[in-house]
Amino acid sequence: MNCTIGVDIGSSSIKAVLFAPEIPVVLKSERRPLMSRFPSLIPGRFEEDPYAIRTEVFEVLLVLAQFAREQNHKIKAIAFTGQMHGGLVVDSNLRPLTNFITWQDKRGDERAPSGKTFVEELSGKTTHDPTGVGIHTGFLITTLCWFARTATPIPGTGPDAKIIGIYDWLTSLLLGRAVTDISSAAAWGMYDPISFEWRNELLEAANIDQTMLPEIEEPGKDLGAIDSIIASELSLDKGVHIHASIGDTQAAYIGAEC
C-alpha cells in the first residue's frame with residue numbers, strides 16, 4: 001500500500017502520521033514531547049536547539065519507516081507543517097548558524113535608539129500590508145531587524161547563509177537544499193502572498209541581503225527525491241519524494257475541510 005508521512009513540528013511536541021490516502025486512513029501515528037527550549041535565557045528571549053528538534057523528527061521518521069516495512073507499505077512522500085513566524089539562519093550545508101528563535105520571542109518590543117520599539121520602526125517602513133496582520137514581535141523579520149539595529153551580528157553568517165523556518169529546515173535537510181513555502185515566508189513578515197514577491201522595503205530595513213533568501217515554492221509542491229544520504233540514515237527508499245511544507249494554521253483549515 002502506498003503511504004505518505006506528515007510531520008508537525010509544534011511548540012511543545014512533534015506529531016507524525018503514516019497515512020494511506022487511497023483508503024483514506026491513518027495507519028500509524030507518533031507523538032514526542034519537545035524538550036528543545038533553552039531555559040536559561042534572559043527574559044523575553046525564546047530560543048530552541050535546532051539539533052534537538054532534528055533528532056526527535058528523525059527518530060519519529062525512523063519509527064514510521066520501520067512500521068511501513070514490517071507491514072509491506074511503500075512510503076511515497078513526506079511533507080511537514082509546524083509553528084510559524086520564527087526561524088533560524090543556516091550555512092550552505094544547512095548547518096544552523098543560530099538557534100531557532102521562535103514566534104514567542106519578545107526582543108522586537110525592546111526600544112531602539114530612536115525611542116521606538118523595533119516593531120514600530122519596522123512597521124513605519126511600509127505603507128502596504130498584503131497580509132492584513134501587520135508586523136509583530138516574534139516575526140522573523142522583526143528579530144532580524146533587532147540584530148541589525150543593535151549592531152549585533154547574526155552569529156557566523158556569511159555569503160552563503162540562508163534564512164529558514166523550522167519546518168522548512170527539516171524539508172530542506174531531507175531535500176538537500178534550502179527551500180521555504182509561501183505560507184512560511186509570509187508569516188515571517190517578509191513575503192507578499194498576493195503579488196508573490198519579497199517585501200523589499202522591509203528586507204532593506206532589516207538589513208537582509210537578497211542572497212539570504214531561500215528558494216520559495218507553493219505548499220505541497222513536489223520538490224524532488226529525498227537526499228540519498230539522508231534516505232540511508234532514515235532507512236527510507238531513495239524514491240521517496242519531498243513536498244513543500246505549509247504553516248500549521250493553513251494545515252488546520254485544510255484538515256477542517258474549509
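Here are a few friendly notes on strand pairing and nonpolar cores in this predicted model.

1. Some ground rules before you open the viewer. Local features need pLDDT of at least 70 and side-chain atom pairs count only at pLDDT 80 or more, while totals for chains, interfaces and linings use all residues. Residues are numbered from 1 along each chain as its sequence is written, and side-chain values use heavy atoms, with hydrogens and water left out.

2. Strands here are DSSP E runs of at least two residues, helices are H or I runs of at least four, and both are numbered from the N terminus; pairing requires at least two DSSP bridges between two strands. Ile 9 has Gly 82 of S5 as its bridge partner.

3. S5 also runs parallel to strand S14 (residues 241-243), joined by 2 bridges, with Ala 77 partnered by His 241. Strand S15 (residues 246-247) likewise pairs with S5 in the parallel sense over 2 bridges, and there Gly 247 stands opposite Gly 82.

4. The largest nonpolar core has 45 residues, of which Val 57, Ile 78 and Leu 174 touch the most other members. Such a core is a set of buried Ala, Val, Leu, Ile, Met, Phe, Trp, Tyr and Cys residues joined through side-chain atoms within 4.5 Å, where buried means under 20% relative accessible area (1.4 Å probe, protein chains only). Helix H1 (50-70), S1 and S5 are among the elements that each supply at least two residues, and H1 gives the largest share, 9 residues.

5. Leu 174 is worth a click: its contacts (heavy atoms within 4.5 Å) include Phe 58, Ile 78, Phe 80 and Ile 242, not counting residues up to four places away in sequence.

Notes. Buried < 20%, exposed > 50% of the residue type's maximum accessible area, 1.4 Å probe, protein only.
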